[in-house]
Amino acid sequence: MTAADTKAAGPPPVSAPRDPGKRGPQTPAGAVAPRPRKQRRRGELLPYLLILPAIVAIAAVYVYPLGKTVVMSFQDMGRAALWGNGETPWVGFEQFSNILGDPEFWSVTGRTVVFMTVCVVLTMGIGLLIALMMLRLSTWVRLTLTVALIAAWSLPLMVAASVFRWFADSDYGLINTLLSDVTGDESWLGHNWFLDPWQGFGVITLLVVWGAVPFVVITMYAALTQVPKELEEAAALDGASVGGVFRFVTWPVIKPVFIMVTTLSVIWDFNVFGQIWLLRGNKPEPEYETLGLYSFSKAFASTSFSQGSAIALITVLMLSGVAVYYLRQLIKTGEVE
């Protein structure tokens, strides 16, 4: 390199003098300085501090009673021991062996499973059909139907049970009057629907489905609105039938929501208590007992609190598999989104 080239290139860049009072790496101009470690740690803990009251409330309402139920199921607690006037001996798995060896328990379990299955199938089927129908309704009709569904959903259980008791009343019931007028058979007047458990459970099923359908309709309608219309139109132009469009286009989109709502319905309908209790006048017969009522009857009617706790714990274990499946579906939905 010649002297002329060196002069043209100019002098080499000189770095700025470093302040001896400053230590550590310098932040380039325009860059955002990282937050101190203590501030970052405080920001990471803030969400957990905000939900701490909710965690404490859940622990007080759910965790402690569940722990107490587990302890009582391994004891033999009677009325005197409940009030602290007697000893509570530990019996190990005796309560569970007695329950699992009782044919009545399995009869009640089978009745509960059948009742839950019928309620879930009817609820999901009717709810999905109404949600599909809402897609084809005009705006004002859809809004009116939505308001009616929300009103039915918000109706207190005691009021709804009173209405259905009036519907099925043997003397002044609306169902008997309509059947008598339609068929011309006056023998329907005075018919008691609860003498036969099959007919009685039919009325109870109507109450359960009537109260659960609004939630399913609103949730499934929200899922149906997320189906791309252009895909449905393209499938229809390609010659797909209405059933084919629903099966290959609509169903894959709404399937995760449908599975989650079905899982919740299984949990809710398996634990039905208030509907049967209120429709049977706070004194349900043994033929109307599901697992929740059976546990209550053993604990309070027979004053065998430990046996009732054991039945409740078995019910929780039965539903734990459903709860795990529900959580897995939530995680999968989050991964897809």
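Figure 1. Setting aside residues up to four places away in sequence, alanine 240 touches Ala235 and Val245, where contact means heavy atoms within 4.5 Å. This is a predicted model, so local features need pLDDT of at least 70 and side-chain atom pairs count only at pLDDT 80 or more, while totals for chains, interfaces and linings use all residues. Residues are numbered from 1 along each chain as its sequence is written, and side-chain values use heavy atoms, with hydrogens and water left out. Alanine 240 sits in the loop that joins H10 to H11. Its relative accessible area is 35%, which makes alanine 240 partly exposed (buried is under 20% relative accessible area, exposed over 50%, partly exposed in between, with a 1.4 Å probe and protein chains only).

**Figure 2. Helices H10 and H11 packed together.** Here we look at helix H10, residues 229–237, against helix H11, residues 242–270. The two pack at an angle of about 145°, and their axes are 10 Å apart (axes are lines fitted to C-alpha atoms, for helices over the stretch in contact, and angles run from 0 to 180 degrees between N-to-C directions). H10 brings Leu231, Glu232, Ala235 and Ala236 to the contact, and H11 brings Val245, Val249 and Thr250. By class, these residues are five nonpolar, one polar and one charged (Ala, Val, Leu, Ile, Met, Phe, Trp, Tyr, Cys and Pro count as nonpolar, Asp, Glu, Lys and Arg as charged, and the others, Gly among them, as polar).

**Figure 3. Glutamate 232 of helix H10.** Stay with H10 for a closer look at glutamate 232, which lies in this helix. Leaving out residues up to four places away in sequence, glutamate 232 touches Val227, Val245, Val249 and Thr250. Glutamate 232 and glycine 244 are twelve residues apart in sequence, and their C-alpha atoms are 9.8 Å apart in space.

**Figure 4. Helices H5 and H6 side by side.** Helix H5 covers residues 103–134 and helix H6 covers residues 139–154. Their axes are 10 Å apart and meet at an angle of about 150°, so H5 and H6 are roughly antiparallel to each other (angles under 35 degrees count as roughly parallel, over 145 as roughly antiparallel, 65 to 115 as roughly perpendicular and the rest as oblique). This crossing is left-handed. Ile130, Met133 and Met134 make the contact from H5, while Arg142, Leu145, Thr146 and Leu149 make it from H6. The contact of H5 with H6 has five nonpolar residues, one polar and one charged.

**Figure 5. Helix H5 again, now crossing H9.** The partner in this view is helix H9, residues 197–224, whose axis comes within 7 Å of that of H5. The two axes cross at roughly 40°, which makes H5 oblique to H9. The crossing of H5 and H9 is right-handed. In this contact, 22 residues are nonpolar, three are polar and one is charged.

Figure 6. Serine 295 belongs to helix H13. With a relative accessible area of 11%, serine 295 is buried. Apart from its neighbours within four places in sequence, serine 295 is in contact with Gly308, Ile311 and Ala312. Serine 304 is found in the loop between helix H13 (291–301) and helix H14 (305–336). Serine 304 is buried as well, with a relative accessible area of 16%. Neighbours within four places in sequence aside, the contacts of serine 304 are Met77, Lys298 and Ala299.

**Figure 7. Asparagine 282 and its positive phi.** Although asparagine 282 is not a glycine, its phi is positive, at about 65°. Asparagine 282 lies in the loop between helix H12 (274–279) and H13. This residue is partly exposed, with a relative accessible area of 41%.

**Figure 8. The whole chain, for orientation.** The chain has 14 helices and zero strands (helices, H or I of at least four residues, and strands, E of at least two, are DSSP runs numbered from the N terminus). Buried residues are 30% of the 337 in the chain. Among contacts between residues at least 6 apart in sequence, 66% join residues at least 24 apart. The chain exposes about 21800 Å², and carbon and sulfur atoms supply 67% of that area (Shrake-Rupley method, 1.4 Å probe).

Terms used:
Left-handed = near helix turned anticlockwise from the far one by under 90°.
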